[in-house]
Amino acid sequence: LPFTLTSAQQTTLTDIRADLNSGKPMNRLVQGDVGSGKTVVSALAAAVVVNGGAQAAIMAPTSILAEQHYRSFLSMLAGDGGIMQQSEIRLLVGNTTESEKEAIRQGLMDGSIKIVIGTHAVIEPDVQFKDLQFVVIDEQHRFGVEQRAELRSKGTNPHLLVMTATPIPRSLALTVFGDLDIS
């Protein structure tokens with residue numbers, strides 16, 4: 001990275017690495033202001049999983065946000081000195097052309113695409129993965145329980161990282177998201 005992680009980003013990444021090494025699926029909520037570095041943390045976590053040979057999916061509520069994440073992931077992971085090829089990270093949104101969608105679906109099934117970033121398009125029934133092990137849902141409150149479950153069902157009990165910039169007091173977060181660890 002062309003910058004140093006903040007102490008909060010490093011702590012969150014340490015939490016995530018501990019979850020990934022625990023032998024059980026991660027269920028973690030990352031909460032932080034807009035611009036606090038949730039995307040860099042999720043990109044680095046996805047890189048850890050992909051480096052282990054699996055796939056990652058990132059779902060955002062709007063095409064604009066999905067495109068922002070896509071550009072960020074490309075810059076961080078496939079840019080100069082990156083650890084991935086640009087073709088291994090793809091964007092799948094509603095206005096993706098049908099031929100491009102088919103190429104992405106094929107790449108996800110054969111494992112040549114390692115990270116897909118998109119909107120609800122990633123949970124369409126014809127989107128199948130070779131080995132989905134890591135799921136990131138941004139602004140998770142904008143998705144229903146069934147939509148989140150649908151994405152997770154595309155893997156075999158994958159790790160789940162949900163991100164939000166909506167301030168949630170810790171006591172309320174524990175009540176509403178009691179099944180999630182919080183960073």
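Guide: Helices (H or I, at least four residues) and strands (E, at least two) are DSSP runs, numbered from the N terminus. By that rule the protein chain has 6 helices and 7 strands. This is a predicted model, where local features need pLDDT of at least 70, side-chain atom pairs count only at pLDDT 80 or more, and totals for chains, interfaces and linings use all residues. Residues are numbered from 1 along each chain as its sequence is written, and side-chain values use heavy atoms, without hydrogens and water.

Visitor: How do you know that the span of helix H2 agrees with its 14 residues?

Guide: The expected span is 1.5 Å times one less than the number of residues. For residues 38-51 that should give 20 Å, and the end C-alpha atoms are 20 Å apart, so the two agree.

Visitor: What makes H2 mostly covered?

Guide: Buried means under 20% relative accessible area, exposed over 50%, partly exposed in between (1.4 Å probe, protein chains only). In H2, 12 of 14 residues are buried, including Lys38, Leu44 and Val50.

Visitor: What makes a set of residues a nonpolar core?

Guide: Its members are buried Ala, Val, Leu, Ile, Met, Phe, Trp, Tyr and Cys residues, joined through side-chain atoms within 4.5 Å. The largest such core has 36 residues; Phe73, Leu77, Ile89, Ile115 and Phe134 touch the most other members. H2 gives this core its largest share, 9 residues. Apart from it lies another core, of 20 residues, among them Leu29 and Ile123.

Visitor: Which residues does Ile89 touch?

Guide: Contact means heavy atoms within 4.5 Å. Leaving out residues up to four places away in sequence, Ile89 touches Tyr70, Phe73, Leu74, Leu77, Ala78, Met84, Ile115 and Ile117.
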